[in-house]
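Me: I am new to this one and would like to learn how to read it. Could you take me through it step by step?

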Amino acid sequence: MASLYTAHQPDEQGLIHYTDEEHGTWQILIDRQLAALKGKACDEYLAGLARLDLPRDRIPQLMEINAVLTPGTGWSVVAVPALISFDRFFSLLAQRQFPVATFIRRRDELDYLQEPDIFHELFGHCAMLTNPAFAHFTHVYGQLGLKASKEDRVYLARLYWFTVEFGLVQSPASLRIYGGGILSSIGETAYALSGQPSLQPFDAVEVLRTPYRIDIMQPTYFVLPSLDALYQLAEQDIMACVAQARRLGLRAPRFAPAPGKQAS
């Protein structure tokens, strides 16, 4: 899939220059998403967001994010083009570097964008990278993906999708959101905890067997018992789970396939 956006390149000082329109788009997105997440985001995300202290009126520079991430969990963010290869993606994660496409969506695509922009990456994901359990799991995931075959990477993509992107966690009070794909989406934030989708206890093999589509609200979410369960998942033999999932085969998708495509 070719990108419809062009990422900004940093200058000699590592600064990225955005237009007033782009800064305004960031402000719209962050203001409405912060309001939408009240009572829905997990405590670990909110704590990370407080540490990052993202500006409301402008797109932050990546060096500002790194000033918080690197001392805390050893992670950093790096500027990448709008789309990168799986090899590049896994290689970066394996080095504790999170790829950030340095463009922001147009105003006519505020509610939904298929390719991840800087709002999705910074607001959706980076707060969670301040959490040791989430950071450790994401690092191990990158290492596994870097060594995996093309066929096994398809299964690993489902693990990432149902955790890092669209994960839910049980808090002492209620279900909460930790997946960046939900945290950065106004529609998915409302939908995920609405009672409409199917909520299943997290099971690695079931996750690996569950198809998904990127362009619809998710019919199924998997719920971690706690965020610390990501430590246990990272220490599990994930590739043995992949082998088991391949033997058992995929579950029937709970959605119609996209026109001309099969479910992932």
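Me: Is Cys-126 buried or exposed?

Reply: A word on the source first: this is a predicted model, where local features need pLDDT of at least 70, side-chain atom pairs count only at pLDDT 80 or more, and totals for chains, interfaces and linings use all residues. Residues are numbered from 1 along each chain as its sequence is written, and side-chain values use heavy atoms, with hydrogens and water left out. Now the idea: buried means under 20% relative accessible area, exposed means over 50%, and partly exposed is in between (1.4 Å probe, protein chains only). Cys-126 has 0% relative accessibility, so Cys-126 counts as buried.

Me: How many disulfides does a search of the whole structure find?

Reply: A disulfide is a covalent bond between the sulfur atoms of two cysteines. Here the test is a pair of cysteine sulfur atoms within 2.5 Å. The search of the whole structure finds 0 disulfides.

Me: Where does Cys-241 lie, and what does Cys-241 touch?

Reply: Cys-241 lies in helix 12. Helices (H or I, at least four residues) and strands (E, at least two) are DSSP runs, numbered from the N terminus. Contact means heavy atoms within 4.5 Å. Leaving aside residues up to four places away in sequence, Cys-241 touches Ala-204, Val-205, Leu-208 and Gln-236. Its relative accessible area is 8%, so Cys-241 is buried.

Me: What about Met-239: which helix holds Met-239?

Reply: Met-239 sits in helix 12, which covers residues 238–248. With 24% relative accessibility, Met-239 counts as partly exposed. Its contacts, not counting residues up to four places away in sequence, are Leu-144, Ala-148, Asp-152 and Leu-156.

Me: Let us turn to helix packing. At what angle do helix 4 and helix 6 pack?

Reply: Axes are lines fitted to C-alpha atoms, for helices over the stretch in contact, and angles run from 0 to 180 degrees between N-to-C directions. Helix 4 (residues 86–94) and helix 6 (residues 132–147) pack at about 135°, and their axes are 7 Å apart. Angles under 35 degrees count as roughly parallel, over 145 as roughly antiparallel, 65 to 115 as roughly perpendicular and the rest as oblique. Helix 4 and helix 6 are therefore oblique to each other.

Me: Which residues meet there?

Reply: From helix 4, Asp-87, Phe-89, Phe-90, Ser-91, Leu-93 and Ala-94 take part; they meet residues of helix 6 including Thr-138, His-139, Tyr-141 and Gly-142.

Me: Which residues of helix 4 are buried, and what do they pack against?

Reply: Phe-89, Phe-90, Leu-92, Leu-93 and Ala-94 are the buried residues of helix 4. They pack against strand 1 (76–80), strand 2 (97–101), helix 6 and helix 7 (150–165).

Me: How do helix 6 and helix 7 pack?

Reply: Their angle is about 165°, with axes 10 Å apart. Helix 6 and helix 7 are therefore roughly antiparallel to each other. Among the residues of helix 6 in this contact are Phe-134, Phe-137 and Tyr-141, while helix 7 brings residues including Leu-156, Leu-159 and Tyr-160.

Me: Last topic, backbone angles. Where is Arg-96, and what is its phi?

Reply: Most residues other than glycine have a negative phi, and most peptide bonds are trans. Arg-96 lies in the loop between helix 4 and strand 2, and its phi is near 60°, a positive value in a residue other than glycine. At 35% relative accessibility, Arg-96 counts as partly exposed.

Me: And what is the phi of Asp-53?

Reply: Asp-53 has a positive phi as well, near 50°. Asp-53 is found in the loop between helix 2 (43–52) and helix 3 (62–73). With a relative accessible area of 60%, Asp-53 is exposed.

Me: Is Ala-82 buried or exposed?

Reply: Ala-82, in the loop between strand 1 and helix 4, counts as buried at 11% relative accessibility. Its contacts include Ser-3, Tyr-5 and Phe-103.
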